[in-house]
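Open the model in your viewer and keep the selection tool at hand. The tour goes stop by stop.

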Amino acid sequence: SSDLNIPEAVGGILGLSDFVLVSEESISMISEAASSGKYAGVIRMKSKFSSPGLRHERFLRNLESHGHVFLIPSDNVAGKIKDTLDNRPAIKKLNDRLVVEQAIKRLL
């Protein structure tokens, strides 16, 4: 039922979380996790059938290289979460809003 689709649910879940864990399939989901201001982990699947395409892989590697997400092998999820929460490195929140606004202004 549509009554169960609460618009604020994702924001509430992210707000209450210390560590956000998502799978590698959805760029939208990954972007939302990286923009949450929380530690964001992306589970890497081992299956050749679930491997991301080249552009998707570049996107993931770019986010990781800038410190916005942790790419986590599926066999080390608990270890990476524990290590991150024990050491509490600086969170690098993804915020592309200014870049997008400037690009739009150049087009207009």
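Which residues form a nonpolar patch on the surface? Select Val 100, Ile 104, Leu 107 and Leu 108, which together have about 480 Å² of accessible area. Patches are built from residues with over 30% relative accessible area and no salt bridge; like charges are joined within 9 Å, nonpolar side chains (Val, Leu, Ile, Met, Phe, Trp, Tyr) within 5 Å. Areas come from the Shrake-Rupley method with a 1.4 Å probe, and for residues only the protein chains shown count as cover.

Before moving on, note that this is a predicted model: local features need pLDDT of at least 70, side-chain atom pairs count only at pLDDT 80 or more, and totals for chains, interfaces and linings use all residues. Residues are numbered from 1 along each chain as its sequence is written, and side-chain values use heavy atoms, with hydrogens and water left out.

**Stop 1: Leu 108.** Leu 108 lies in the segment after α5 (97-107). Helices (H or I, at least four residues) and strands (E, at least two) are DSSP runs, numbered from the N terminus. Leu 108 is exposed, at 83% relative accessible area. Buried means under 20%, exposed over 50%, partly exposed in between (1.4 Å probe, protein chains only).

Stop 2: Select Ile 72 in strand β3 (residues 70-73). Ile 72 is buried, at 1% relative accessibility. Beyond four places in sequence, its contacts (heavy atoms within 4.5 Å) include Leu 21, Val 22 and Val 77.

**Stop 3: α2 and α3.** Show helix α2 (residues 27-34) and helix α3 (residues 54-65): their axes come within 12 Å and cross at roughly 5°. Axes are lines fitted to C-alpha atoms, for helices over the stretch in contact; angles run from 0 to 180 degrees between N-to-C directions. So α2 is roughly parallel to α3, a label for angles under 35 degrees. Ile 27, Ile 30 and Ser 31 of α2 meet His 56, Phe 59, Leu 60 and Leu 63 of α3.

**Stop 4: Arg 44.** Arg 44 is buried, at 15%. Its side chain forms a salt bridge with Glu 24 (2.6 Å, N to O). The term requires a side-chain nitrogen of Lys or Arg within 4 Å of a carboxyl oxygen of Asp or Glu. Glu 57 also bridges to Arg 44, at 2.6 Å.

**Stop 5: Arg 61.** Arg 61 and Glu 57 form a salt bridge at 2.9 Å. Shared partners join Glu 24, Arg 44, Glu 57, Arg 61 and Glu 64 into one network.

Note on methods. Angles under 35 degrees count as roughly parallel, over 145 as roughly antiparallel, 65 to 115 as roughly perpendicular and the rest as oblique.
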